[in-house]
Amino acid sequence: MSAETEDRLRMQGEMRKQKDLAEKDFVAFPDVAADVLNALLFDGETVVSAAELLPAPTETLYYGDNGKRLRNQYEDLAKYEMRGGQIRTMYLFANQTRPDGHMILRKAGYIGGAYREQYEGKTPCVCPVIELVLYWGKGRWHGCRSIDQLFSGQDLPSKLKNYMDNIRIHVWEMRHLPQEVRERFDSDMRIVLDYLAEGNNYRSDRQVIHKSALIRMLKVLSEDYDIEDIEIQLDAMNIREEDEITVCELFDQYERKGRSEGIRKGIQVLIQTCRDMKLSFAETAEKVKKGFKLDETELQENMKLFWPE
């Protein structure tokens with residue numbers, strides 16, 4: 001494998017990791033997780049509240065290699081729903097970017113691992129385990145959604161199928177949810193879904209709750225992985241997590257910041273070009289002033305910044 005190929009694969013792996021982390025971080029907020037459950041499982045009825053959701057273990061253990069070696073497996077996110085101080089349900093969330101024809105087998109492992117933990121007394125009680133697959137890919141999901149579908153092409157005796165456990169996966173194609181389903185959401189997830197459906201022209205007066213996490217989520221879903229300094233950027237715009245701000249206000253400030261950065265980059269390039277052409281400080285300053293219509297104060301600030309002594 002060439003060094004170029006290795007670098008490309010390493011970069012792709014890093015981008016997938018950033019995307020996975022951004023998706024997990026966003027859905028992990030109790031209000032977002034509860035909203036996802038109510039909208040997708042209960043048709044928009046408020047059955048699960050954010051206050052009733054607690055973090056649950058995402059790791060389960062099993063013996064592989066014919067029982068010779070202990071292995072672990074991780075689900076993206078897990079939540080316990082509490083009622084009266086007791087666990088009523090365990091929810092597993094799997095964020096998926098690409099269709100996986102064998103995802104049904106992975107689910108069997110995750111669900112089976114969670115129930116085995118209950119069987120072995122590693123959890124305080126026995127409860128249902130429900131997994132949701134949130135599919136964020138651009139194409140449609142064509143993977144198998146049940147064990148029956150997985151083995152439908154095989155020549156199996158019809159009576160045998162009566163004894164097969166027909167495990168199913170519950171997949172929601174998040175980029176393709178119809179409007180009536182999107183309207184069931186009340187959290188910041190509604191902003192994400194409407195943005196995916198309507199594109200860059202999307203504007204709304206909805207209040208943004210989780211500002212940093214929302215911006216990260218929208219950026220990675222737009223294949224922009226420059227998400228390291230979101231908090232610094234918000235701080236520069238005097239936006240705090242506790243501030244009340246609408247989607248329109250947040251997006252407009254981000255657009256103005258982007259335009260400002262673009263102008264600043266253009267000034268930097270022009271100054272460097274003039275220096276390469278051996279133009280004097282005064283000649284360069286004149287070109288910058290005319291080219292970007294700067295007043296004297298703005299001109300001096302930029303020349304000081306990009307024309308080193």
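## A buried tyrosine to start with

Y135 is buried, at 2% relative accessible area (buried means under 20%, exposed over 50%, partly exposed in between, with a 1.4 Å probe and protein chains only). W141 is buried too, at 5%. Y135 and W141 form an edge-to-face aromatic pair, 5.2 Å centre to centre with 75° between the planes. For the terms: rings of Phe, Tyr and Trp (its six-membered ring) pair if their centres lie within 6.5 Å, and planes under 30 degrees apart count as stacked, over 60 as edge-to-face and the rest as tilted.

A search of the whole structure turns up 2 aromatic pairs. In F281 and W307, the ring centres sit 5.3 Å apart with the planes at 85°, so that pair is edge-to-face. It links distant parts of the chain, with F281 in helix α10 (residues 281–292) and W307 in the segment after α11 (296–306), 26 residues apart. F281 is partly exposed at 37%, while W307 counts as buried at 15%.

## What kind of model this is

This is a predicted model: local features need pLDDT of at least 70, side-chain atom pairs count only at pLDDT 80 or more, and totals for chains, interfaces and linings use all residues. Residues are numbered from 1 along each chain as its sequence is written, and side-chain values use heavy atoms, with hydrogens and water left out.

## The chain overall

The chain has 11 helices and 7 strands (DSSP runs numbered from the N terminus: H or I of at least four residues for helices, E of at least two for strands). Of its 309 residues, 40% are buried. Take the contacts (heavy atoms within 4.5 Å) between residues at least 6 apart in sequence: 60% of them join residues at least 24 apart.

## The sheet and its helices

There's an open sheet of 5 strands with mixed pairing, in the order β1-β4-β5-β6-β7; strands pair if DSSP finds at least two bridges between them. The edge strands are β1 and β7 (171–173), each pairing on one side only. Neighbouring strands here are turned by 30° against each other on average, direction ignored.

Strand β5 (residues 86–96) and strand β6 (residues 129–135) run parallel, joined by 7 bridges. Within β5 and β6, M90 stands opposite V129. Helix α2 packs on the sheet, touching β1, β4 (77–83), β5, β6 and β7, and its direction makes about 95° with that of β6. Helix α3 (residues 103–119) packs on the sheet as well, touching β5 and β6, at about 150° to the direction of β6. Those angles run from 0 to 180 degrees between N-to-C directions, with axes fitted to C-alpha atoms, for helices over the stretch in contact.

## Salt bridges

The whole structure holds 16 salt bridges (a side-chain nitrogen of Lys or Arg within 4 Å of a carboxyl oxygen of Asp or Glu). One of them joins R184 and D43 at 3.6 Å, N to O. R184 lies in the loop between α5 (179–182) and α6 (188–198) and D43 in the loop between α2 (30–41) and β1 (53–55), so the pair ties together parts that are 141 residues apart in sequence. R184 is partly exposed at 25%, whereas D43 is exposed at 57%.

E81 and R88 meet at 2.7 Å, N to O. E81 is buried at 0%, but R88 is partly exposed at 34%. Both belong to a salt-bridge network that links E52, E81, R83 and R88.
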